[in-house]
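Let's take a friendly walk through a protein model, one piece at a time. Keep the picture in view and look for each part as it comes up.

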Amino acid sequence: MSDRPLNRILHVDDEQDIREVAKLALEGVGGFTLESCESGVEALEKLPGFNPDMILLDIMMPGMDGPSTLEALRKLPEAVETPVVFMTAKVQAHELKAFGALGVVDVIVKPFDPMTLSDRVREIWSSCNDG
């Protein structure tokens, strides 16, 4: 990936309450700069101007779901190499294997703990940069 520090995170989730909790957790607790999007379409519009270091992406959304959003994001030059983490309650072994095949670097299980979310994101970032 890169040696730069993790600062800018694009978070995509159709549920407003989850976006608000994630914003408090990642900005307030973690000190990150967060851009929240309520849909895959909005993420595609905001990503080029925001240039995130990491993308947190919900799986189940109306319209464009997480996998189709990921596919569309990968077509943007700015997002080809950006680490993507799915955030989902769908964590059975066959689902995790399918997510890995799509090229996500990890999965954060929902519901997540707001007090540890930023630490978990930093752990994933470190593992991306370790090789």
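Predicted model: local features only at pLDDT ≥ 70, side-chain atom pairs only at ≥ 80, totals over all residues.

Let's start at Lys46, which is partly exposed, with a relative accessible area of 30%. Residues are numbered from 1 along each chain as its sequence is written, and side-chain values use heavy atoms, with hydrogens and water left out.

Which residue forms a salt bridge with Lys46? The partner is Glu35, and the closest N and O atoms of the pair are 3.0 Å apart. A salt bridge here is a side-chain nitrogen of Lys or Arg within 4 Å of a carboxyl oxygen of Asp or Glu. Glu35 belongs to strand E2 and Lys46 to helix H2 (residues 40-50), so this pair ties together parts that are 11 residues apart in sequence. The names come from DSSP runs numbered from the N terminus: helices are H or I runs of at least four residues, and strands are E runs of at least two. Like Lys46, which is partly exposed, Glu35 counts as partly exposed, at 23% relative accessibility.

The count of salt bridges comes to 9. Another of them links Glu95 with Lys90, where the closest N and O atoms are 3.8 Å apart. Here Glu95 counts as buried at 15% relative accessibility, whereas Lys90 is partly exposed at 30%. A further salt bridge joins Glu123 to Arg120, with 3.6 Å between the closest N and O atoms. Both of these residues lie in helix H5, 3 residues apart, which is about one turn of the helix. Salt bridges that share partners also join Asp13, Asp58 and Lys110 into one network.

Now stay with helix H5. Its 13 residues should span 18 Å at 1.5 Å a residue, and its end C-alpha atoms are 19 Å apart, which agrees. The expected span is 1.5 Å times one less than the number of residues. Which residues of H5 are buried? They are Leu117, Ser118, Val121, Ile124, Trp125 and Cys128. Seen down the axis, these buried residues fall within an arc of 120°, so they line one face of H5. The arc is taken from the directions that run from the helix axis to the C-beta atoms.

Leaving aside neighbours within four places in sequence, Ser118 is in contact (heavy atoms within 4.5 Å) with Ala25, Leu26, Val29, Gly30 and Phe32.

Two of these contacts of Ser118, Ala25 and Leu26, lead us to helix H1, where Ile18, Arg19, Ala22, Ala25 and Leu26 are buried. They cover an arc of only 135° around the axis, which puts them on the same side of H1. On the other side of H1, Leu24 and Gly28 are exposed. What covers the buried residues of H1 includes strand E1 (8-12), strand E2 (33-37), strand E3 (54-58) and helix H5 (117-129). After H1 comes Gly31, whose phi is positive, near 80°.

Finally, turn to strand E4. Is it enclosed or open? In E4, 5 of the 5 residues are buried, so the strand is largely enclosed by the rest of the structure. In a regular strand the side chains alternate between the two faces of the sheet. In E4, Val84, Phe86 and Thr88 point one way and Val85 and Met87 the other way.

E4 pairs with E3 in the parallel sense over 4 bridges; two strands pair if DSSP finds at least two bridges between them. Ile55 has Val84 as its bridge partner in E4. The chain crosses from E3 through helix H3 (residues 66-73) to E4, and this β-α-β crossover is right-handed. Right-handed means that, with the strands pointing away from the viewer, the path from the first strand over the helix to the second runs clockwise. E4 also pairs with E5 in the parallel sense over 4 bridges, and Phe86 stands opposite Val107 in E5. Together E4, helix H4 (residues 93-101) and E5 make a right-handed β-α-β unit.

Key
Buried < 20%, exposed > 50% of the residue type's maximum accessible area, 1.4 Å probe, protein only.
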